[in-house]
Amino acid sequence: MTSRYTFGGDEHILVEIDEEMSLEAFFKSLSMTNAVRDAAIKGVTEICPANASYQIKFDPDIIHPDDLMSELKSMDKSDSQGESKLNTRIIEVPVYYQDPWTHETVMRFRERHQDPDSTDIEYAAKINGYESVDDFIKAHSGSPWFVGMVGFVAGLPFLYQMVDRDRQIQVPKYLTPRTDTPKQTIGFGGSFSSIYSVRGAGGYQMFGITPMTIYDSSQQTSYLKDFMVFFKPGDIVKWKPINREEYDQILAKVEAGTYQPKIREVTFDLEAFNQDIDATNAKLLETLNAS
Amino acid sequence: MPVKVKNKGLATSIQDMGRPGYFHLGIPISGAMDRFSLRVANMLVGNDESAAGLEAVFMGPELEFTEDAIIAVTGGELPPKIDGEVKETWTTMRIKAGQTLSFDYIRHGARAYIAIAGGIDTPQSLGSRSTYAIGALGGIDGRVIENGDELPIGSISTNMSEGTSVPKVLRRGPGSPAELRVLPGLYWHRITHEAGERFFQETWKVASEADRMGYRFKGGSPLEFVERKQPFSAGSDPSNITDAPYAYGSIQVPGGTEPIVLHRDAVSGGGFFTLGTVISADMDLIGQLQPNIETKFVKVNMQTALSARKERAVMLDSIRQAVA
């Protein structure tokens, strides 16, 4: 894992930590972007951590691109250990899998799919070796997920499954992107799950929907009064399967301004995780479910 | 003292210099696609250069003024008319209460900027009035203007005199074929040397998908990729990467076929490789390209990019002096 530094024109530096996603690469991205933020370098205007890379935007009238490049490289050297502990939060996100709204959209775009005769979730279950959709839902909702990046459109989280690599779910994107995806669809592409924060085009497979608003520019949603975007990189998510009745109840609460997502503060230790993934995850879920 | 929208035109939106600082949450910088022209329009009416104005695309709106105002129209050649009488672009104009501003058909370019003394005074969201419709930010309740809207105008005492005009040599627009200077980089190493050479040799044309999110180009040869085993999590197509942030102006080529230059409202990241970035000095020119315009990408280095940026700043300074 040796970072590759490259200019994006005269206003950006992109640092590719690794070509492939790993929690190590993501932690490096978080620690480097935190260090850049703390350094308060004059002329830096945007600091974007991402899955296995990060990008800095700057004003070349204030700092010369070569000077910023050297500064980032020297910060990287002094950060060689990386951080292995992260104080963050774990959030339970209710998911109504195989809901009628994404199902309608699934059926509307069958001709853009690899396997037009099955639904997205049936296809995902099949190619990942699960005997039934129920088993697949158990796998998708059984382990926690890391938010590796927020973006694409406003407030959309990319989530990375916290299991060892041979257990990770992988599903290709649609052959051709759809022109429509319902708001708050739980999507999947490559090895990332996502939540579509707004309605719009998309290429990820569609598994279900959450009643929980995650982006609200009007900030009417009770838990988005401080900021309109719910997720930030480093958040940990646990999907909770719900049925139609629960979906309707939560949606009514969100709309009435009385819904409070289940959130707990946690410390995540990457070394402990790598030593014993299942035990670390069990501890995270214990914290989430403690009353 | 609002301005009434009698006819919205085509996707006319409120824009200022944009909304930096939230890209890491997927919120794009937004703002005028041709900031040079919006700055100059604001200078011509005595506004702060970053005040909000209207960005009209291909077709102008029809606006009824309820009070006397000082206005200016810059950008592409979209001739303004006051109560039907054609006026000059890039020139300070006076419009009286009850009069209507409309537009003739576009002669060249793609976007016109309408500045009104005092600036459009809609509420800011995240520090900007720029319209980002996908995320319902800025504009009028998060959207572009509609028939029947009333645009609030800020109050200002301007001393700009009618007829103040920007000399023609200082009105910047794309040439023919348009030339966009590009600094190769980002994931440039993903394509073969020959594909890279051809990318700069060939003449491309603006495709019909050309909007505030990005400009697509067609007509060049498909790019060949350097062979590799696709990294875990990157996706199976050779043009795929592990999802990463996108630079403003970066050029992605999904499937290696049609390059897309990402612009002010682009997605903030994704899983396509990018081969380089249009330099900051040339991004405004893209906002003036119509579909089918021939375009050459010109390879430059950082030094050229920085001098071009300086030249653009000097040009703006000359305009400040010329209209002062």
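## Exercises on the domain interface of chain A

About 1100 Å² is buried between domain 1 of chain A and domain 2 of chain A, with carbon and sulfur atoms giving 70% of that area. The model is predicted.

**Exercise 1.** State where the two domains lie in chain A and how many residues each brings to the contact.

*Solution.* Start with the bounds: the domain assignment places domain 1 at 4–82 and domain 2 at 87–289 of chain A. Next, take the centres over C-alpha atoms, which are 28 Å apart. Then list the residues in contact: 11 residues come from domain 1 of chain A and 14 residues from domain 2 of chain A.

**Exercise 2.** Find which three residues supply 47% of the area that domain 1 of chain A buries against domain 2 of chain A.

**Exercise 3.** Identify the salt bridge and count the polar contacts across the interface of domain 1 and domain 2 of chain A.

*Solution.* First, the rule finds one salt bridge across this interface. Glu20(A) and Arg165(A) form a salt bridge through their side chains, at 3.1 Å from N to O. This distance meets the criterion because a salt bridge requires the nitrogen within 4 Å of a carboxyl oxygen. Second, four residue pairs across the interface are in polar contact.

**Exercise 4.** Describe the side of domain 1 of chain A that touches domain 2 of chain A, by helix and by residue class.

*Solution.* Helix 1 (residues 23–39) of chain A gives the largest share of this side, five residues. By class, the side holds seven nonpolar, two polar and two charged residues.

Technical notes. Residues are numbered from 1 along each chain as its sequence is written. Chains are lettered from A and ligands numbered from 1 in the order in which they are written. This is a predicted model: local features need pLDDT of at least 70, side-chain atom pairs count only at pLDDT 80 or more; totals for chains, interfaces and linings use all residues. Side-chain values use heavy atoms; hydrogens and water are left out. Domain bounds come from an automatic or database domain assignment. Contact means heavy atoms within 4.5 Å. Buried area is the accessible area (1.4 Å probe) that two parts lose on being put together, summed over both. A polar contact is a pair of N or O atoms within 3.5 Å; within protein, one must be able to donate a hydrogen and the other to accept it, and residues adjacent in sequence count only if both atoms are side-chain atoms. Helices (H or I, at least four residues) and strands (E, at least two) are DSSP runs, numbered from the N terminus. Ala, Val, Leu, Ile, Met, Phe, Trp, Tyr, Cys and Pro count as nonpolar, Asp, Glu, Lys and Arg as charged, and the others, Gly among them, as polar.
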